[in-house]
Amino acid sequence: DPCVQTSLEESGEHVIYCAGEVHLQKCIEDLSRNFAVGIDFEVSAPIISFRETVISKQELEQFKSLSCDRKSVLKFLSDIPYGSIFTNTTPNKKFEISMTVRSLPTDIVHYLEDSIRVIKLINTLNAQREISHSVISENDLQTIKIFQSRLNELMLNAGDEWIDAVDNIWSFGPKMVGPNILLNSSSVNLGISIWPTILNNEPLSQSFYSNIINGFQLATFQGPLCNEPLVGVCFTIIGYEFTENPNTTTSNESETNTATKLDTTATNNAVYGPLSGQIISTVVKTCKQALLAEPVRLMRAMFSCSIQCSQDVLGCVIAVINRRGGKCLDQSIQVGTNLFLLETCIPVVESIGFSDEIRKKTSGLAIPQLMFSHW
């Protein structure tokens, strides 16, 4: 089944990722009857994925028309200063980084989600060139240029704050392909990005850049609220530097200072661990601090639901949808019949048992069709 994914957790549990409740039930049934006959296993309740994101200023402005009982909470959110800069240093005090966070425009998020194949191609070509400096085909190069051009167009339309942002993208995340961006706006190595590797320049993964990117990947894979992946978040590097000055001693002092430096490095590694690991953990810490300073929220996965039913059971169907936190988006009657067609959306977390309840309440006269819609 190409729609099924599996993973093995650290606890030893096997997780099956399916397209919906019925799909999951069918997979478990096939597993117990055909592929794991005679093996006893326990099946937990379904686990629903969430996402974490940052509320933009425009979204907060939309809350002004809400009722007064919510405005006290929204006032607290609106008082939070946007763009707060957070600075952290590695435990051995050799590396320092400053970062801030902001939300990505919706159009850019959707475009990144639709361009996963192209982003994977970029990562694959970057990895190949680091190993063998292979030549990139003209078709692949053209595909990447189209993606870069369209992304730059969307960012220019989003406002002046996104000007030249495309040229300073270091990575996408999580898993190198997600709808989150790592930007470098510092004066240090300005212009180094994910694109120069494609254009036969210096690979981005050299030196400590890969450590910063790995920290970004970890931060976007597990958010600060519920350890769920992030969506629509842009992390911006304001500045970074090595606080340790380069060796400027004379040749007569080089041997003594080299031995002292090796002893100091060995001591620091024994106490704090390798510098690469310190940089990764420091970047993760800085990303999460910047996130928690912004209005962060959880995003629910939503199903779009199409239901065809008669007028006699229309009230029962709408009652079930409302009780499960859904919304009726469109309601129309088919010409020449007494059948109504409902277009609704319902949270995935509330969809467990939804089809059975609809059939019971309507005596089988209404059957919903569910499809993933959005976060």
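**Figure 1. Ser363 in the loop between α11 (354–361) and β13 (367–374).** Helices (DSSP runs of H or I, at least four residues) and strands (runs of E, at least two) are numbered from the N terminus. The model is predicted: local features need pLDDT of at least 70 and side-chain atom pairs count only at pLDDT 80 or more, while totals for chains, interfaces and linings use all residues. Residues are numbered from 1 along each chain as its sequence is written, and side-chain values use heavy atoms, with hydrogens and water left out. Ser363 is not a glycine, yet its phi is positive, near 55°. Most residues other than glycine have a negative phi. With a relative accessible area of 66%, Ser363 is exposed. Exposed means over 50% relative accessible area, buried under 20%, and partly exposed in between (1.4 Å probe, protein chains only).

**Figure 2. Asp164 in the loop between α6 (138–158) and β6.** Asp164, also a residue other than glycine, has a positive phi of about 65°. Its relative accessibility is 45%, so Asp164 counts as partly exposed.

**Figure 3. The cis peptide bond between Gly173 and Pro174.** Omega of this bond is about 0°. Most peptide bonds are trans. Pro174 belongs to the loop that runs between β6 (169–173) and β7 (180–184).

**Figure 4. Thr53 in strand β3 (residues 50–54).** Thr53 is buried, its relative accessible area being 7%. From its side chain to the backbone oxygen of Val231 the distance is 2.7 Å. Contact means heavy atoms within 4.5 Å. Apart from neighbours within four places in sequence, the residues in contact with Thr53 are Val231, Gly232, Val233, Pro295, Val296, Arg297 and Met299.

**Figure 5. Ser98 in strand β5 (residues 95–103).** Ser98 has a relative accessible area of 13% and is therefore buried. Its side chain makes a polar contact of 2.6 Å with the side chain of Thr87. A polar contact is a pair of N or O atoms within 3.5 Å; within protein, one must be able to donate a hydrogen and the other to accept it, and residues adjacent in sequence count only if both atoms are side-chain atoms. Neighbours within four places in sequence left aside, Ser98 is in contact with Ile85, Phe86, Thr87, Thr236, Ile237, Ile238 and Gly239.

**Figure 6. Tyr111 in helix α4 (residues 106–114).** Tyr111 counts as buried at 19% relative accessibility. Its C-alpha atom is separated by 8.9 Å from that of Arg150, 39 residues apart along the chain. Arg150 is among the contacts of Tyr111 beyond four places in sequence, together with Ile146, Phe147, Leu151 and Leu154.

**Figure 7. Helix α9 (residues 275–292).** The expected span of a helix is 1.5 Å times one less than its number of residues. For the 18 residues of α9 this gives 26 Å, and the end C-alpha atoms are 26 Å apart, which agrees. Buried residues of α9 include Gln278, Ile279, Thr282, Val283, Thr286, Cys287 and Ala290. An α-helix has 3.6 residues a turn, so residues three or four places apart point the same way.

**Figure 8. The nonpolar surface patch of Ile39, Phe41 and Val43.** The area of this patch is about 270 Å², with accessible areas taken from the Shrake-Rupley method with a 1.4 Å probe. Ile39 lies in the loop between α1 (21–35) and β3, and at 52% relative accessible area Ile39 is exposed.

Key:
Patch = residues over 30% accessible without salt bridge, like charges linked within 9 Å, V, L, I, M, F, W, Y side chains within 5 Å. Salt bridge = Lys/Arg side-chain N within 4 Å of Asp/Glu carboxyl O.
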